[in-house]
Structures are given as structure tokens and as C-alpha cells.
Amino acid sequence: MATCAACKRAIDPSEKAARDKKGRVFHRSCAKRLMEKQRAKRDAEKARAEAAAVGTIPLDDDAGAMADLLGDVVQPEAAGRPCPSCGSPVASDAVLCTGCGYNFETGASIKTVAKAAPTGARAVAGEAAGSTAAWGLAAVGSCIGGAIGAAVWAAIAYFVHFEVGYVAIGVGFLAGLGAAIGARDRAGVATGLIAAVVAIVAVVAGKFTATSLEIADMLGDLDQTIAAEATQPGDDWMTVDEAVLELVDDEALRREQAGERLDWPHGISGWDEAFELEHYPRDIVRTHRSAFEGLTPEQTTAKIDAIHRENMLPRVADDIAVERESLGESLAWPPGMTYDEAYELEHYPSDVVAQAGARWDGMTREQQHEYMVGGLAEFRAMLGSSEGTARVMAASYSGKDFLFDALWVILAAGAAFGAGRGGAE
């Protein structure tokens with residue numbers, strides 16, 4: 001415990017102390033009193049100098065001489081009484097000592113109490129509360145940034161018709177930037193992890209949104225097709241361009257599944273990203289378009305009917321397989337194939353395929369239209385459900401796509417973590 005260099009009394013640790021240039025420690029009241037004495041001494045020296053300049057004698061230097069000049073006797077002012085707490089001179093009628101705050105009536109001193117900083121459990125609790133609030137704000141900011149990024153991802157995927165992988169890094173950065181802004185000076189590893197999780201969710205949400213928008217377009221096209229086929233059963237099944245698209249799509253899928261490397265147009269990496277004729281390899285499109293050139297209207301109609309029949313037979317075969325299995329009949333499926341895995345005509349038993357062809361050919365054109373419209377309605381109902389959206393997304397993932405998306409998700413999470421922990425600075 002320190003000792004005051006003026007009054008030699010101990011200084012309470014809770015009391016604010018003063019220190020001079022020599023390193024000596026004083027009570028604040030004692031330091032104030034010494035400063036007042038030094039100021040009074042300087043004022044007195046100044047007064048002596050001024051008095052010497054005009055030939056006068058200060059009262060403090062020669063009180064008797066001044067009394068003779070005034071014709072009266074000057075009595076010194078009463079000094080009052082000393083403060084019992086700090087020893088400072090105090091007027092006899094004073095209630096409080098201005099030096100230390102001692103109250104002459106109550107005998108207590110008014111002291112300045114320094115409030116100590118919280119320590120121990122209280123400090124830990126305060127720090128934890130601050131961190132929790134910062135993490136909450138970081139989560140809110142990250143969600144806002146992630147939502148913006150997901151919207152941009154979905155818009156690009158929808159309008160360009162394929163996913164630009166490096167946009168995922170931007171999604172991650174926006175999620176991390178939102179977390180850093182929300183946490184401010186408390187950004188760190190925890191906020192970086194929050195941003196990384198939000199970035200992963202945002203990328204998946206963006207992909208799901210883009211798929212949902214594409215499905216909405218498909219549903220609109222299906223509605224138009226169903227309405228047209230229901231009201232115009234005598235028209236051709238499809239236009240020449242639609243027939244060419246059917247043939248091109250089938251050949252591109254078959255050759256890609258066989259491991260052949262196709263010359264896809266710029267921005268298209270495979271069959272699952274192609275929807276229009278301009279999305280497919282030009283040599284395949286040119287070959288099938290030339291097959292319609294020079295045909296008579298009757299030949300064109302017959303060719304379109306054959307393409308439509310080939311498209312419809314898998315559905316007819318599927319219905320026949322269900323009917324026969326429901327009757328307890330055992331079907332001779334091709335090796336490694338079952339009903340759940342069959343979707344192309346060659347996946348079904350040969351006798352089922354033959355029966356499907358005979359059933360389709362035995363229908364009138366009006367019955368064929370009715371059968372086709374019913375199938376389109378069933379497909380539309382499946383595609384319009386949330387389960388259908390999930391199935392379309394799952395079907396779009398080949399091994400290549402999964403690794404591709406996983407890579408960009410990892411990069412998005414890394415960008416979010418770096419920005420979310422304050423790395424954006």
C-alpha cells in the first residue's frame with residue numbers, strides 16, 4: 001500500500017492518487033493543496049517584484065511599516081482550524097473540507113470510489129453475451145448475403161440454361177461479407193463457420209430454384225400441348241423441327257452413353273444440358289434434318305407417325321407390365337433389369353414389347369390421341385409436385401455433375417469462411 005509523500009498517511013487502493021515528476025505519490029487532496037501553495041508562492045514573488053519596482057513594501061514583508069502608513073494596526077487574518085482528516089486549513093465555520101471532503105458535523109469523509117472492471121464469472125458472462133449477439137447478427141447478415149447470391153445463381157442458371165460454377169464463389173463471398181458486416185469487430189472463426197454453412201445452403205437453394213423455374217416452363221409447355229391435342233386430334237403429332245429434335249436427342253444420348261466424345265456447342269457440356277436444336281452437336285442435327293428434305297407431305301406424316309409410335313411404346317409396355325404382374329404373372333426381364341429400372345423400350349421383356357406394338361397399332365387415331373393426352377396429364381401431375389422437382393434434380397446428377405458441383409460448393413464455403421472471419425478486409 002502506497003504512502004502519501006505529504007501527509008505520510010497510507011493511500012487507500014480504491015482512492016485515486018496523484019504522482020509528481022519525481023515519482024512521489026500523493027493523496028489527490030494533498031497534491032491539490034501543494035499545487036495551491038506553489039501557486040501562492042509564485043503570486044507572492046510576483047507581487048514583491050512589482051512592489052520593488054514602484055518603491056512600496058508589501059504587507060506580507062513588513063506589516064508594521066504598512067500599519068504606520070495607514071495609521072492603524074493590521075491584525076493578521078485568523079487561520080481557522082486544521083482538517084482532522086488531511087490537515088488542510090479550514091475556516092472555523094466551514095462544514096466540509098474542500099481538500100478531502102471531511103464533514104465536521106458527521107465526522108465522515110466523502111471519497112471518490114473508482115469502479116473496478118468486472119472480473120471473474122461476471123466478465124466471462126459479459127463476453128459470452130456479446131459474442132452470442134455478434135453471432136446472431138452474423139447469421140442474419142450471412143443469410144441476407146446468401147439469399148442475394150442464391151438469386152443471382154438461379155437467374156444465371158435459368159436464363160443461360162446451364163450453371164456457371166464460379167458464380168458459387170460469389171455466392172460464398174456474399175454470405176461471408178454479410179456475416180462480417182453483422183459481427184463487425186467480433187468477426188472471427190465462429191462467424192466464418194456460420195457463413196460457410198449459409199453459403200452451402202444458398203448454393204443448393206439456388207440450384208433448386210433454377211430447377212423449379214425450368215420445371216415451371218416445362219409445365220407451361222405441357223399445358224399447351226395437352227390443350228392442343230385434346231382439341232385437335234386430327235393434326236400431326238409434331239412439327240418437322242420437333243421430330244428432328246426427338247431423333248437428335250435420342251442419338252446424342254445413345255452415343256454419349258456409349259462413351260463417345262461429342263462436339264457440343266459452346267456452353268453445353270452434355271446431353272442433360274441440351275433442350276433446343278441449337279444445343280446439340282451440329283453434325284447430328286444436320287444429319288437428321290436432311291432426312292426430311294425432299295419428302296412428300298404423306299412421307300413426312302408417315303415418318304412423324306413412326307417417331308411418335310416409338311416414343312409412345314415404352315409407356316404402353318409399362319402399362320402392360322403392370323397389368324401382367326398384378327395378375328401374378330412372372331415376366332422375363334432382360335438381365336439386370338426390373339420394372340422399377342425400365343424406362344426405354346429395350347428394357348422390357350420382348351413379349352411385352354411385341355404386345356405393346358400390337359396394342360398401339362390396334363387403336364384408332366382418336367384413341368391414340370386420348371391415350372397420349374392421358375399420359376401427358378399424368379406426367380404433368382408428377383412433374384408439378386415437390387417430389388417431381390426433387391426427382392428431376394436427382395436425375396440430373398451423374399458422377400461428373402456431382403463432383404463438379406461438390407468442387408464449387410467447397411470453393412463457395414471457403415470463400416464464405418474467409419470473408420466471414422474478417423478476411424474481406
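Mentor: Let's start with a word we will need throughout: a residue is buried when its relative accessible area is under 20%, exposed when that area is over 50%, and partly exposed in between, using a 1.4 Å probe and protein chains only. Please keep in mind that this is a predicted model, in which local features need pLDDT of at least 70 and side-chain atom pairs count only at pLDDT 80 or more, while totals for chains, interfaces and linings use all residues. Residues are numbered from 1 along each chain as its sequence is written, and side-chain values use heavy atoms, with hydrogens and water left out.

Our spot is Ser142. This residue has a relative accessible area of 0%, so Ser142 is buried. Ser142 belongs to helix α3; helices (H or I, at least four residues) and strands (E, at least two) are DSSP runs, numbered from the N terminus. What does Ser142 touch, once its neighbours within four places in sequence are set aside? The partners are Ala175, Gly178, Ala179, Ile194, Ala195 and Val198, where contact means heavy atoms within 4.5 Å.

Three of those names lead us to helix α4, as Ala175, Gly178 and Ala179 are among its buried residues. Others on that list include Val167, Val171, Gly172 and Ala183. After α4 comes Arg184, which has a positive phi near 55 degrees.

Now go back to α3, which covers residues 120-160, and find Ala154 in it. Ala154 is buried too, because its relative accessible area is 3%. Its contacts, leaving aside neighbours within four places in sequence, are Gly206, Thr209 and Ala210. Ala154 and Ala210 are 56 residues apart along the chain, yet their C-alpha atoms are separated by 4.5 Å.

A further example comes from helix α12, residues 399-423, which holds Ala413. At a relative accessible area of 15%, Ala413 is buried. Ala196, Ala199 and Ile200 are its contacts beyond four places in sequence. Between the C-alpha atoms of Ala413 and Val203 there are 9.5 Å, although the two residues are 210 apart along the chain.

Next, look at helix α9, residues 350-361. Its buried residues are Val352, Ala356, Gly357 and Trp360. Viewed down the axis of α9, they fall within an arc of 140 degrees, so they line one face of the helix; the arc is that of the directions from the helix axis to the C-beta atoms. Ser350, Ala354 and Ala358, on the other side of α9, are exposed. The buried residues of α9 are covered by elements that include α8 (297-326) and α10 (365-383).

Not counting residues up to four places away, Gln368 touches Trp237, Trp360 and Met363. Among the other buried residues of α10 are His369, Tyr371 and Leu383.

A cavity here is a set of points, on a 1 Å grid over the protein atoms alone, where a 1.4 Å probe fits but cannot get out, and lining residues have an atom within 4 Å of a point. The structure holds one cavity of 30 Å³ or more, and Leu247, Asp250, Ile307, Glu310 and Asn311 line the largest cavity. Two or more of the lining residues come from each of α6 (240-257) and α8, and α8 gives the largest share, three residues.

Finally, step back to the entire chain. It has twelve helices and four strands, and 32% of its 425 residues are buried. Of the contacts with a separation of 6 or more, 58% join residues 24 or more positions apart.

Notes. 1 Å grid on protein atoms, 1.4 Å probe; cavity = no way out; pocket = protein on both sides within 12 Å on 5 of 7 lines; lining within 4 Å. Points joined across faces, edges and corners; volume = space filled by probe spheres on them.
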